[in-house]
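Have the sequence and the 3D view open as you read.

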Amino acid sequence: MHGTRTSTWTRRGLAAAAAAGSLLTVLTSASSASAAADTADAPLGGSKVVCTSKKPGLAPTLSRDLAEALDGRQGASALAVYDRHTGTHCEFRAGSRFDSASVVKVTVLGALLRQAQEAHRALTPQEVRLTTAMITKSDNAATDALWHRLGPAAVRHFLALAGMRDTVPGQGGSWGLTQITAADQLTLMQLLTTDNTVLTPSSRGYALDLMHRVAPDQRWGVPAGAPASASVHVKNGWLPRTTGGWRVHSVGTFTDNGHDYGMAVLSTGSRTMGDGVTTVESAARVVHRDLQG
């Protein structure tokens, strides 16, 4: 839907979206014959890391390893993980709300793409420039322009269609104070990698391509520990506040060697940005290692 100019930029993202959709179809058709998923949990800071998986032994291993990785870290964290290949899902405080920082920019992109679909139009050249800067460089001025162009009604409309019911848009121009949850961020990652009625394959391919082309100095976070051969799509967020320390988040999807998975790791209360990055990457390394087996 984005025209000849943008279609050449989205080929890689479209391929990722198509592969994910095809893999989901195969896995769904096979799931009825699969054994029931195992569930395991591990205590962490008054809560629990809870994992389910159809792969024998993975749920207890993943829940235990994630709890160990996050134990003793500063502040508070939350995560949500899916892996279609093994039928795995993990959560830790996935319904807790955090200030979004820049990870909300994927939601802004989704809202714009949905708005364009409903108007039966392509993105304008200016929208292409703004979305590219917003995602690949995390440009705040571009996000300001798109946030005000969309307005709160369009953002809420997209959130409702996407099933992101616990996400609350920031007031006025404060998009970085949107309240997000790990569960809703994982819902968004699944939306981008699955055939659905909210975003067309072209829209999903466009978004994935931008997330694949994030600037090298912003490719930290959930890609930590990913196989070198993996196709990585990521968006990070970081925000210092006078109370509560640093908010450091990372969301992403990965395809590699038959694997098709994604995760959202959120954190708040770190003394420095580096401490927050370490928290996020400690969890991410466990996920990549355990899912890859």
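Let's begin with the inward-facing side of helix H6: Ala142, Thr143, Leu146, Trp147, Leu150, Gly151, Ala154, Val155, Phe158, Leu159 and Ala162 are buried, meaning under 20% relative accessible area with a 1.4 Å probe, protein chains only. Helices here are DSSP runs of H or I with at least four residues, strands are E runs of at least two, and both are numbered from the N terminus.

A quick word on the model: it is predicted, so local features need pLDDT of at least 70 and side-chain atom pairs pLDDT 80 or more, while totals for chains, interfaces and linings use all residues. Residues are numbered from 1 along each chain as its sequence is written, and side-chain values use heavy atoms, leaving out hydrogens and water.

Just after H6, Gly163 has a positive phi of about 80°.

Now for the sulfurs. The whole structure holds one disulfide, a pair of cysteine sulfur atoms within 2.5 Å. Cys51 and Cys90 form it, with sulfurs 2.1 Å apart. The pair joins distant parts of the chain, Cys51 in strand E2 and Cys90 in strand E4, 39 residues apart. Both cysteines are buried.

Key:
Buried < 20%, exposed > 50% of the residue type's maximum accessible area, 1.4 Å probe, protein only.
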